[in-house]
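Here is a short report on helix packing and chain symmetry. Please read it with the structure open.

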Protein chains: 2
Amino acid sequence: MISIDYQSKLPLYEQIAQKFQTLILKGALPPDAQMPSVRTMAVELSINPNTIQKAYSLLEQQGYIYPVKGRGNFVSDSSALVRQEKKSLLEDVRQLIQEGKELGVRQTEFIQVIDRIYRKGDSND
Amino acid sequence: MISIDYQSKLPLYEQIAQKFQTLILKGALPPDAQMPSVRTMAVELSINPNTIQKAYSLLEQQGYIYPVKGRGNFVSDSSALVRQEKKSLLEDVRQLIQEGKELGVRQTEFIQVIDRIYRKGDSND
DNA sequence: GAAGTGTACTATTTCATATAGTACACTAAA
DNA sequence: TTTAGTGTACTATATGAAATAGTACACTTC
């Protein structure tokens, strides 16, 4: 379910948190679904439980999950998070495009990238 | 000319290298222009000369500058680097757009971002 | 020769990361 | 009630990257 890249400069706990963020934002983990227990994840990934705990703390702080004492951690309602994530992503795209323009990338090149992605697969906008 | 963010998780030497990369790619530092000396930069930024040296080594390794013993470091011809950077940037954009689509961002939203950037300012493509 | 350059070392400090181990309170089920 | 499984909070330790400090040497220019 979750894989680790030991070559990455990103700390393990951030990698783990990011993987779960993606799963939650895309709905693979629906609201109120139970997260794997800290100890289970630790065994599964051959990683120290404290590292998992740190990842979960981060996820809780960011609003992705909520803890219930003695029972476990559970997925929060992500609709607000999706909105926030879209906004942040659009801002990132804006900065990249701006940089691209300054480097001489033509508008048509960006348009092409978008067209290819939205043409293939399902028929979204 | 160069500013440092001590809050950033990025190492100082990488921050410095990135700033120079931008300056070189955008032509603010033309080919064969002399880079500030390691010692000068160190004093200017109140940073250890070794850290500047490390940034310059990175820039040299990436092809942005070339050293001349006893004289200094100089800016390389950046045309190849610009091409490479454009390609890398387009790939980054592609990934972001793909993610955005999966989160439910509409194609028109991305188009709007591009239009705004390319409409304002000079009249490029 | 003097000043300014790159470059190569060693040593040390600092900090984030990750691990190891223990402990305690809570919940659910037998 | 007991047991197992959960979150959570500690302390201690090890490791490695990053940054600093200091020194040294070869080269170029004036």
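In this predicted model, helix α1 (residues 12-25) of chain A and helix α3 (residues 49-61) of chain A have axes that come within 8 Å and cross at roughly 50 degrees. Helices here are DSSP runs of H or I with at least four residues, strands are runs of E with at least two, and both are numbered from the N terminus. Axes are lines fitted to C-alpha atoms, for helices over the stretch in contact, and angles run from 0 to 180 degrees between N-to-C directions. The angle makes α1(A) oblique to α3(A). Angles under 35 degrees count as roughly parallel, over 145 as roughly antiparallel, 65 to 115 as roughly perpendicular, and the rest as oblique. The crossing of α1(A) and α3(A) is right-handed. Right-handed means that the near helix is turned clockwise from the far one by less than a right angle; anticlockwise gives left-handed.

On the α1(A) side, the residues that meet α3(A) include Leu12(A), Ile16(A), Ala17(A) and Phe20(A). Their counterparts in α3(A) include Ile52(A), Ala55(A), Leu58(A) and Leu59(A). Contact means heavy atoms within 4.5 Å. By class, this contact has 10 nonpolar, 2 polar and 2 charged residues. Ala, Val, Leu, Ile, Met, Phe, Trp, Tyr, Cys and Pro count as nonpolar, Asp, Glu, Lys and Arg as charged, and the others, Gly among them, as polar.

Chain B has its own α1 and α3 pair, with axes 8 Å apart and an angle of about 50 degrees. That makes α1(B) oblique to α3(B). Their crossing is right-handed.

| Pair | Axis distance | Angle |
|---|---|---|
| α1(A) and α3(A) | within 8 Å | roughly 50 degrees |
| α1(B) and α3(B) | 8 Å | about 50 degrees |
| α4(A) and α4(B) | within 10 Å | roughly 160 degrees |

The last pair joins two chains. Helix α4 spans residues 79-103 in chain A and in chain B. The two α4 helices are therefore roughly antiparallel to each other. Their crossing is left-handed. Residues of α4(A) in this contact include Val82(A), Leu89(A), Val93(A) and Leu96(A). Those of α4(B) include Val82(B), Leu89(B), Val93(B) and Leu96(B). The contact of α4(A) with α4(B) has 10 nonpolar, 2 polar and 8 charged residues.

How are the chains related? A rotation of 179 degrees with 0.0 Å of shift along its axis superposes chain B on chain A, with an RMSD of 0.1 Å. That is the relation of a two-fold axis. In chain B, the C-alpha of Val93(B) is nearest the axis, at 3.2 Å. Superposition is by least squares on the C-alpha atoms of residues with pLDDT of at least 70 in both copies. The copies meet through the same surface, because 100% of the interface residues of chain B are also interface residues in chain A.

Chain A has 5 helices and 2 strands. Its elements run α-α-α-β-β-α-α from the N terminus. The radius of gyration of chain A is 18 Å, well over the 14 Å that the globule rule gives for 125 residues, so chain A is more spread out than a compact globule.

Note on methods
Residues numbered from 1 in each chain as written. Chains lettered and ligands numbered in written order. Predicted model: local features only at pLDDT ≥ 70, side-chain atom pairs only at ≥ 80, totals over all residues. Heavy atoms only, no water. Rg over C-alpha atoms; globule rule 2.2 N^0.38 Å.
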